[in-house]
Amino acid sequence: MAWPRNVAPFLTRQLREGWPAVLFVPALIFMLHDFSLLRAIDGYAFLLIGNLGAIADVVHGRPSSKRTDNRVVVALIDPETREQRYSERTPLDRCELRDDIRVLYAAHPEVLAIDIELSPAPELRSRQEEIECEKELYALIKGQDGNVTRTVLMTATRPLNARLLEKQCEWQAGMQMSGVLFGRADLPVNNGMTLEHYADERSFGVAVRRAREKRPLPEQTRELLDTLVRECTSKPEPRESSDHSDRINPLLYASSICPVPLKAPTSDQKEPAREEGKRARTLCLVSGAADAEAAFSDRLNVAFPDKQPRVVFFGAGYGEDDVFLTPLGWLYGVEIHAAAYLSHFHPIAEKEWMSLAGDILIAFVFSFFISFFWQGYFRSRLSAKARDRQVAAGYVILLMIAFAGLVLLTCVLSLWALRGSGVWLSPVPIAIGMLLDAFILGSVHVAIHACHEQVNAAVKTLRETPPESIEDVASKLVKQGRPPAASLADSIKCFFVADWLRLFRGGQYGAGALIFIRRAMWLVVVGAAGGFAAHSVF
């Protein structure tokens, strides 16, 4: 095989001649990223690499960086509790909710974020006992001392009926007057994946962060109440995919979120917090290690980290309506909100300058290897030796293997950067861009360069040849390689017989055997495909 003779001069020439593509492709990818045109490709790459990063934390038994200093507890209404205590009703039983939320408040968290709709339910009109429980639940939430526990509730779904909307807004404003914060609990879903969270002031995670800041409670005035009701009843701006959103750090699912179901699973039960084998692995094993008979309050206190802020998220851990695809599989919305809240303290750093510099470096590495193999291919393909011409296709195979290896290597480096420093570098789009450049422009550029080398070599040979022998040498140069076919029949004859037979007659047995094997393989594949097609017809 005709490898490039010296790598160092080749590297210098590649840098000198290939810099336009090395700069253009990363710049184009960078701009497409900015307009979210590569969201699907980048999303699936992030899904895979984020999954490997989180699994690596679990395998090593510890996070790769300090991500447990803001660990949160996620209290989940598991399927068994929903079936036995909540009677699988919608809206959820207010008496049971009152009792469970009372237990959560008794643990004295700094923040209790409830990802359950608690607005007044018109369906409870005929259930007097439950109406009383609902009033007690609201009094329980309003009665919390804001200096001990701040409560965050999800913004309720807006009813279409104007009277119901006004009643709901009056309830929400009354809660806000008592220091309760509200946040929208919707999550962006792109290409079937939830990898980001809304980061505007209306979002659930931002409301939880504001609750931790312990801002002074508002002065309860009639003007403030009217303002809150007016803001609530005004039609909110719909969220678009272009709204400000940030990446959720996938490593936090395993290292910093501790799920605690209301009812602990027994050894012969599957984890209640994820149905049908969807339970994600986590470093926090409190719920699984605790005694199945232990009270929820005891397991809750064990789950709290020592000397760290106590933040509790409470929500549904059942059904299929509130599950989203994440790097750790299908997770419930309340768990994703917890990770979104933590991502503020441990963000995924998408530093533009670092991303662009990394893309340029990756592009140059890909450009070097692609040109290296293309040059080997064309050197062999244009060689005077028949054996070299027959093995030229091997360079294309090696190119594809090397390309796949480089993609894998850059993904590993991206994984290392994500786990070590929380920096996300996506190598897949730049790899695809360089692959397209390799087959559309790179191959043509190297072919032209190889032809120039061949012409220069022929000119050098003719210059060194005595004048009386120039005609003989020129004739030999013209006859190098396979002569072009004069007709279709001539092409078929050369393909099946004349090419390898000519090499055998010329004493080039190795090259003749190689081309004979290639043509035999072609005949077997095409014949088999034709046989299958004929069998399907007849």
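This is a predicted model: local features need pLDDT of at least 70, side-chain atom pairs count only at pLDDT 80 or more; totals for chains, interfaces and linings use all residues.
Let me begin with a definition: two strands are said to pair if DSSP finds at least two bridges between them, and both helices (H or I, at least four residues) and strands (E, at least two) are taken as DSSP runs, numbered from the N terminus. Residues are numbered from 1 along each chain as its sequence is written, and side-chain values use heavy atoms, with hydrogens and water left out.

I will start with the strands. Strand β2, residues 111–115, runs parallel to β8, and five bridges join the two; one of the residues to look for is D115, whose bridge partner in β8 is G315. Strand β1, residues 72–77, also pairs with β8 in the parallel sense, over five bridges, and here V73 stands opposite V312 of β8. As for β8 itself, which spans residues 311–316, how many of its six residues are buried? Six of the six are, so that the strand is mostly covered, where buried means under 20% relative accessible area, exposed means over 50%, and partly exposed lies in between, all with a 1.4 Å probe and protein chains only.

Which residues of α8 are buried? They are L228, V229 and C232, and because they cover an arc of only 95° around the axis, they lie on the same side of α8; the arc is that of the directions from the helix axis to the C-beta atoms. The face of α8 turned away from this buried side carries the exposed residues E223, R230 and E231. What covers the buried residues of α8 includes α6, with contact meaning heavy atoms within 4.5 Å.

Let me turn to charged side chains. Side chains of opposite charge can pair when their charged atoms come close, and the term salt bridge is used here for a side-chain nitrogen of Lys or Arg within 4 Å of a carboxyl oxygen of Asp or Glu. By this rule the count comes to 12 salt bridges. In one of them the side chains of E130 and R89 meet, at 2.6 Å from N to O. This pair links distant parts of the chain, 41 residues apart, with E130 in helix α5 (residues 128–142) and R89 in the loop between α3 (79–84) and α4 (94–106). E130 is buried, with a relative accessible area of 6%.

A second salt bridge joins D99 to R102, with the closest N and O atoms 3.6 Å apart. Because D99 and R102 are three residues apart in helix α4, about one helical turn separates them. D99 counts as partly exposed at 29% relative accessibility, and R102 counts as partly exposed at 40%. These two also belong to a network of salt bridges that links R98, D99, R102 and E136. Elsewhere, D200 forms a salt bridge with R202, the closest N and O atoms being 3.2 Å apart; D200 counts as buried at 17% relative accessibility, whereas R202, at 29%, counts as partly exposed.

Finally, the aromatic rings. Rings of Phe, Tyr and Trp (its six-membered ring) pair if their centres lie within 6.5 Å, and planes under 30 degrees apart count as stacked, over 60 as edge-to-face and the rest as tilted. By this rule the count comes to 10 aromatic pairs. Y138 and W171 form a tilted pair, 5.5 Å centre to centre with 50° between the planes, and both residues are buried. The rings of Y341 and F345 have their centres 5.4 Å apart and their planes at 80°, so this pair is edge-to-face. Y341 is buried, with a relative accessible area of 1%, while F345, at 32%, counts as partly exposed. Ring pairs link F204, F313, Y341 and F345 into a cluster.
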